[in-house]
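Subject: Handover of a structure and notes on what was found

Dear colleague,

Please find the structure below, together with its sequence. My notes follow it, and I would ask you to read them with the structure open.

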Amino acid sequence: MSVGESVSVTVSVAVGIWQTVWRGVWAVKWRSVALFLSALVPFGLLVDIMPAGTRYAVGLLGGLLAIYLGWSYYVVERAPQYGGLFGARALAVGVVGYVVVIIALGWLVPSPIALVHLGAVVLIFIYYWFIAFIAFFHDQIGRSKYEPEPPYPSLTVLIPAYNEEGYVGRTIQALLDADYPTDSVEIVAIDDGSTDETFAEASAYAAAFERVSVVTKANGGKYSALNYGLLFADGDVIITVDADSIVDRDALKYIVAPFDADETIGAVASNVTIWNRNSLVTRCQQLEYTIGVNIYRRALDYFGIVMVVPGCLGAYRREVLTEVFAYDPDTLTEDFDVTMKVLRAGYRVSVSDARVYTEAPATWSDLYHQRLRWYRGNYMTILKHWPIVTDPSYGYLNRIALPFRLVEMFFLPFASFVVLAYIGWLVLAGHLLTVLAVFVFFTSIVFLIAALGIQIEGEDWRLLVYAPLLVVGYKQYHDALNVKCLIDVLTDHDLVWTSAKRVEQTQPTESETAPVSDATSD
Amino acid sequence: MTEPHPVPCPHCGSQSFVDERIVEHECGHVASLEAVSDGCEKCGRSAVDEELSPLQTIDRCLDCGHRLAWAEAESTGPLPSVTFPTLPTPEDNLNWVPARFVPESRRARQFFSTALVVMVLVAGIAGAVSVTPMIDGESVGPGEVDTSWEEYDSIVVFRNDDIQPWYNQEELRAVNQVFLDEAVPVTLGIIPDTAGETPLSDDPELCSYLRSLEADAPGQFEMALHGYTHEQETDFYDGSEFGDLSREEQRERLADGEALLADCVESPSSTFIPPMNTYDATTVEALDEANYTTVSGGQWFTDQYYDSPNSTVFEAGGLTHVPETQAFEDWSAYGESDADEEDVPFHDFETLTDSFDDAHAEGDIHVVMLHYQYFTTEERLDQLESLIQHMNDEGDVAFVTVEQLSVGLETGAIEETDDGWRVLEPIAEVTR
């Protein structure tokens, strides 16, 4: 090889490397990186002003959790034979031991306030540096970008509808407009004994389009309507759509894409977007969705354990739904319940880029009714699936998803009120400025998390205005509701399906609460 | 049952249909009545009539099993008119920006979005940065201090004077260890430049030791300035370093000493301890100007100079005066005897306990002065330890530093009550 040749080889190799690096640099989503890393500043400040004891305590717990997560990854992916060792229960014991140790070492003065404070600080750290990191990483490597490509599987879309006059037609029309091979879609609207013109409205579509059919039955609740609708479903994939939701044109293609890519995926969730963003309460909800979907769910998606396939739009493999006997009557949130059943049957549950638009409750009292059902249903579902908490054979579900969920449902709502009481005391004791400073501080962290979610989703930057409400106001409203719902569930109140009033139904139906669910009247 | 059906089966074209009764079992399972006749497939229980609710009767194709969904073509009207609301999409996220500000080209729009992200990021960081000093300064972050009022019969302050480089460092550590063991706070009087020859900067080991005390036992050791050279400069009240000196000279000594102490310890206190326990009104003025809150001399001196104030601790010239009420060492015996120059004799134990007992009975403030360098034997160290234990055995005694006492009285965290005192604990945190 002559000198000239070797030089030209060297140059071409250098150019090749340069091109790879350049492409890599371009592929990185730098805005997300900047937003993610910018949180180093407030966290750095937080560490800086912590008393040494708190710093050690946070560090020790962080270490404990890092070991737990590392170990969980190892046993689930590599060494299932050790699955029973150091599981969720051992973690709970570990945390209790940890509290004893830090009190003994004098890092923590034992009092409810100090415990809640430490818990809050630790959770903020975990939330950001574990959950947000995985979500950020997930977004960077484009894990959820399952590209839809033919052949497309045959679909049956189930639309359970109870008194959805004025809505169900639009839902069907959006599905008809969706970009999907028409001979692979069948749409089944299920009229759950409506007392209005729902059946007639849907029937008009059935008459006009061969791929639409309508069935009707005695009123029995959403779970019952879905189970009934399944009897008429011929497709390989079952899609469920709420009768008040509008699916995006590309939604059907995107929501089935993961099934083709991964055999073990049993169900796929969608991205829920609120379209009526004309009030404070709906914009707060959109920000809540954006953070919940993009930060929290992406982290769970990484492990294939997305915990709720939303009723607005979700997809299931038909044989999986049949295997778990579809929907059960015993909770108020059949979407969460059925997702748990799919997960327990050993399937992965994933997110997709399918988008669905929904109308969010537009007043505080409507939001109250919606969340009353959701939160009661959440507690009922968690209690129903309690074996996951104790059985390590459920892998990530047992080791990661449930511990997080339990803390979120059973610790945070109560901690919120201890903090509130403490803040009240501080204000009365004349530390108003400190309280304001702390508020601004935590808002800035939530602000950055929200910004990351908005950047990932390409959402509206104006939503950031509502970040402070996610620290004070909106947050306590939901915490209070959670506490109430937990008490309701534990004292076995008469838990009926409570629903929000609809903006677009000019004629309100006779009762706001549908006559449904005899499950809890025993 | 098998009469020709008006609509043929959409799957196989057959016209043979059978009526099928669809029921729901208690467990939520939905199936045909026929299918549950042998028991429910889902829950495995028998499905008797009471547990079944009928949902609908439908037509099922006899040939292919397809269930006919809908068979009443005649009952429908025209398609309802459907209007879609405006749906938000990621593409029009800049809609809210007035059109004239949104750049035309794609690249410029990207730049615009990036600028938006940077603004958001800066706002978030600026928010956090700007309030941090407020959180830090007040040091009452959420849950950091859990305070409560505690009742005490009396208050005791220990003041350990003459901390200086090189000299009897082992004794210093031994005395401090007694306070650490007994968990009693103490005010350390530190000489910044002993005899004008040994500045604190000469002994980094002492300084790092003092800083380790601050870090490891926060709030327990108060780092107070004890004069400048500790040399007797005037004959003011039988000897003083500050009293009777000119205003300018007093200021200079104070500033120089302050600078040396600030370089040595982490957080110097706002207490000044004048050598020989004597100071004049000029000293107090200079201290007030330099933002000191407290001066701690001797009660024998303040009783004369301030004409017997009616309480041990009093306010004058803008400062709180916390004079020493009981010396550990017996200075009169030292002057009289020709004994060993090195070893100042201690008061006997009884004198010390009696003095405390009197103050305790009165619910008074008892300020004990000691000099670490004379604790050269185990017996002497034991005497200090026994005194503390005696105080603890006697009743509820609040142990505080000079600064904690002065700031506590000032802010109301320490209050006199009918039968003693109440203190907002932890006083070290509250008065920080």
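Which residue does a disulfide join to B:C207? The partner is B:C264, with an S to S distance of 2.1 Å. A disulfide here is a pair of cysteine sulfur atoms within 2.5 Å.

Before going further, please note that this is a predicted model, in which local features need pLDDT of at least 70, side-chain atom pairs count only at pLDDT 80 or more, and totals for chains, interfaces and linings use all residues. Residues are numbered from 1 along each chain as its sequence is written, chains are lettered from A and ligands numbered from 1 in the order in which they are written, and side-chain values use heavy atoms, with hydrogens and water left out.

The disulfide and other cysteines

A search of the whole structure finds one disulfide over all chains. The link of B:C207 and B:C264 is left-handed, with -110° about the S-S bond. This pair connects distant parts of the chain: B:C207 belongs to helix α3 (residues 204-216) of chain B and B:C264 to helix α4 (residues 247-264) of chain B, 57 residues apart. Helices (H or I, at least four residues) and strands (E, at least two) are DSSP runs, numbered from the N terminus.

Are these two cysteines buried or exposed? B:C207 is buried because its relative accessible area is 6%, and B:C264 counts as buried because its relative accessibility is 1%. The word buried means under 20% relative accessible area, exposed means over 50%, and partly exposed lies in between (1.4 Å probe, protein chains only). A:C312, by contrast, is in no disulfide, and the nearest cysteine sulfur, that of A:C284, is 19 Å away. A:C312 is buried, with a relative accessible area of 13%, whereas B:C64 counts as partly exposed at 37% relative accessibility.

Salt bridges

Side chains of opposite charge can pair when their charged atoms come close. The term salt bridge is used for a side-chain nitrogen of Lys or Arg within 4 Å of a carboxyl oxygen of Asp or Glu. The whole structure holds 26 salt bridges over all chains.

One of them is formed by A:K384 and A:D328, whose closest N and O atoms are 2.6 Å apart. A:K384 sits in helix α14 (residues 364-384) of chain A, and A:D328 in the loop between α12 (318-323) and α13 (334-344) of chain A, 56 residues apart. A:K384 is partly exposed, with a relative accessible area of 25%, while A:D328 is buried, at 10%.

A:D328 also meets B:K42 in a salt bridge (2.3 Å, N to O). Why does this pair join two chains? A:D328 lies in the loop between α12 and α13 of chain A, and B:K42 lies in the loop between β2 (30-32) and β3 (52-61) of chain B, so the pair joins two chains. B:K42 is buried, as is A:D328. Both residues belong to a network of salt bridges that links A:D328, A:D330, A:D337, A:K341, A:K384 and B:K42.

Within chain B, the side chains of B:E20 and B:R67 form a salt bridge (2.7 Å, N to O). B:E20 is in strand β1 (residues 17-25) of chain B and B:R67 in strand β4 (residues 67-68) of chain B, 47 residues apart. B:E20 and B:R67 are both buried.

Surface patches

Patches are made of residues with over 30% relative accessible area and no salt bridge; like charges are joined within 9 Å, and nonpolar side chains (Val, Leu, Ile, Met, Phe, Trp, Tyr) within 5 Å. A nonpolar patch is formed by A:V9, A:V13, A:I17, A:W18, A:V21, A:W22, A:V25, A:W26 and A:W30, with about 970 Å² of accessible area together. Helix α1 (residues 3-27) of chain A gives the most to this patch, with eight residues. A:V13 is found in helix α1 of chain A and is partly exposed, at 45% relative accessible area.

A negative surface patch contains A:E147, A:E149, A:D236, A:D260, A:E263, A:E319 and A:E323. A:D260 is in helix α10 (residues 251-261) of chain A and counts as exposed at 57% relative accessibility.

A covered helix

How many of the nine residues of helix α9 (residues 222-230) of chain A are buried? Nine of its nine residues are buried, among them A:K222 and A:Y228.

Yours sincerely,
A colleague

Methods: Accessible areas come from the Shrake-Rupley method with a 1.4 Å probe; for residues, only the protein chains shown count as cover. Lys and Arg count as positive and Asp and Glu as negative; His and the chain ends are not counted. The place of a charge is taken as NZ of Lys, CZ of Arg, CG of Asp or CD of Glu.
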